[in-house]
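Welcome! Please take a look at the sequence and the model below, and then read on for a short briefing.

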There are 2 protein chains.
Amino acid sequence: MSNSLTIALDAMGGDAAPRIVVSGANIARERFPNVRFLMFGREAEIAPLLNKMEKLRDVTTVVHTDAMVRSEDKPSVALRSGRDSSMRLAINSVQDGNAAGIVSAGNTGALMAMSKFVLKTLPGVSRPAIASFFPTMRGETVMLDLGANVNCDAENLIDFAVMGSAFATSVLGLMSPTVGLLNVGSEEIKGHEALQGAATVLRGSEKFGRFHGFVEGDDIAKGTVDVVVTDGFTGNVALKTAEGTAKLINEFVRRTFRSSFLAGLGYLFARPALRKLRKRVDPRRYNGAIFLGLNGVVVKSHGGTDALGFANAIGVAVDMITHEIIEKMQGDFAALHREQPKAQAAIG
Amino acid sequence: MSNSLTIALDAMGGDAAPRIVVSGANIARERFPNVRFLMFGREAEIAPLLNKMEKLRDVTTVVHTDAMVRSEDKPSVALRSGRDSSMRLAINSVQDGNAAGIVSAGNTGALMAMSKFVLKTLPGVSRPAIASFFPTMRGETVMLDLGANVNCDAENLIDFAVMGSAFATSVLGLMSPTVGLLNVGSEEIKGHEALQGAATVLRGSEKFGRFHGFVEGDDIAKGTVDVVVTDGFTGNVALKTAEGTAKLINEFVRRTFRSSFLAGLGYLFARPALRKLRKRVDPRRYNGAIFLGLNGVVVKSHGGTDALGFANAIGVAVDMITHEIIEKMQGDFAALHREQPKAQAAIG
């Protein structure tokens, strides 16, 4: 028991909560035998599910609350009137030291607002960001911010570079990750002022990871850099554009195999390989948006995911805790802080 | 001859110019028997190519010039010192009425700067934009701006909606195209001020196409709307992210079919259908970025395209001329202008 690790789960967040939360925890339990769970939500709904999963029940403590944040609640409203919600109590348990991290498939804005309020931003971090990783030609790439901050200045982008590098180093295990700033390539267009300011600082230091320079939209899938840094507006559009394109081509391929008898026959032969491909680009594998820059591990699962996807989000939280990412970021921002006069001069 | 239509070609623009320009014109000639060409560039390089294509030579006039815009030239430099360049002379020929439109695979920034300087912006248009169309689940969608304007205010976005609708109506043949403003979906994030201002005006009028509201990145490939309006920074990132994702999945599928003997066998059966699919999503089919808002038809071909891609870019120019898009936009902006007091009030 001394080596165990406790994850707080918002059992009421997500389209099919609490069912997928409990089933997801059960899958995660098999993968991580040292993990225990604190589940927050309606006991009358959670207990019957747990009773069917004896091994999970043995490592789970349910904390009852009737209140929950709804997906349509505004973050400010959730923050004010959701003090007894399953989401809020789960975050509180991290702050109180009863859990090492929290996973929720609930309202993203509310989760960020509550996490910022309860756990606070790490010293030296201007703003937390939402990060995720993607399959690329070369492996996996981390991108941030994916939607926490619509408008970003140079300081925010530099902080994202530090946070993204810390994630790539500690969780993805990259020794010296490369960082790129997402920009447009046309000669005429020099990119926003914030991008130019951030590039100046990033070029001048190795505290921020190895700075590659500017990258363009197609560099994300190419895997040109390990960490793609952008503002939350552009990052959110890029993420969803990539998802939409992947679905479109998947649909085109599906229609192709149904378009003729021969194509259907070909599908039968290629099926095992195609299944392996589907597994590789399975969005559930990349489920788990990471809130970086907070004084605690917070992972947001997609609201519409299934048990396997939720288990993967738990896996991301376990990885972040095991690799001590918070401690790593604290060290990195302390180092950044010592360099700050120089950085400030370059931005100013 | 009375029904003929002349297209000016910048024979020296693009990675493999003038070869792909001449070969592309030859493919376009077969498709559009009433088209004639004015080719601008180095006669010593163009003539030998034309001599191999007799039918093309019969409908082509070569205007010799030694000067050309290089791909690395800054737009301002090209504008100042490129007065005798093949690109500039080709644009001049449209202004002089010797050609009905121009196609170039050269430097995008220079082409926009020169076109604005020579042809001027249409009355009432705040800024020209770069548009293109994309395959979607439902058919094809036009998106703009793809990179001409990094920062856009509400007025620019409204103008793009009018221009995009005019293109969808006249060239894609849609009776009443729907328009969406690209935004982020999170509840917390309300979107830039410019987006809110533009949405207010677009909601209040039907002069701008049928306004659907805000759309997200994945709506582009879904085909949720016929026209996606965004600023040039976001549009450029979205376009290149979609291209990169498509290439990545294509590569994954290719590797899948090579991963086992059975998969390879399956590929043989499915090959004709897969070839049809490849043709459908062939980037050459969507080659041709359209400069909208100028007082003349200007189409930018991808610099790295081949003859087939260049022929498609010529096809886009022919379509725009045949469907009298400039006249349509003049009418639309005159109508918008009459409504302007109302629009201005909503933005202000």
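**The core and the pairing of two chains**

A:Ile7, A:Leu9, A:Leu144, B:Ile7, B:Leu9 and B:Leu144 touch the most other members of the largest nonpolar core, which has 234 residues. Such a core is a set of buried Ala, Val, Leu, Ile, Met, Phe, Trp, Tyr and Cys residues joined through C-beta atoms within 7 Å; buried means that 20 or more other C-beta atoms, placed from the backbone, lie within 10 Å of a residue's own.

This is a predicted model, in which local features need pLDDT of at least 70 and side-chain atom pairs count only at pLDDT 80 or more, while totals for chains, interfaces and linings use all residues. Residues are numbered from 1 along each chain as its sequence is written, with chains lettered from A and ligands numbered from 1 in the order in which they are written.

**Inside the core**
- Beyond its neighbours within four places in sequence, B:Leu9 is in contact (C-beta atoms, placed from the backbone, within 7 Å) with residues including B:Val21, B:Phe37 and B:Val103.

**Where the chains meet**
- In all, 64 residues of chain B are in contact with 61 residues of chain A.
- Helix 10 of chain B gives the most to the side of chain B that touches chain A, 22 residues; helices are DSSP runs (H or I, at least four residues), numbered from the N terminus.
- The copies meet through the same surface, because 95% of the interface residues of chain B are also interface residues in chain A.

Conventions
Two residues are in contact if their C-beta atoms, placed from the backbone, lie within 7 Å. Helices (H or I, at least four residues) and strands (E, at least two) are DSSP runs, numbered from the N terminus. A residue is buried if 20 or more other C-beta atoms lie within 10 Å of its own, exposed if 12 or fewer, and partly exposed in between; C-beta atoms are placed from the backbone.
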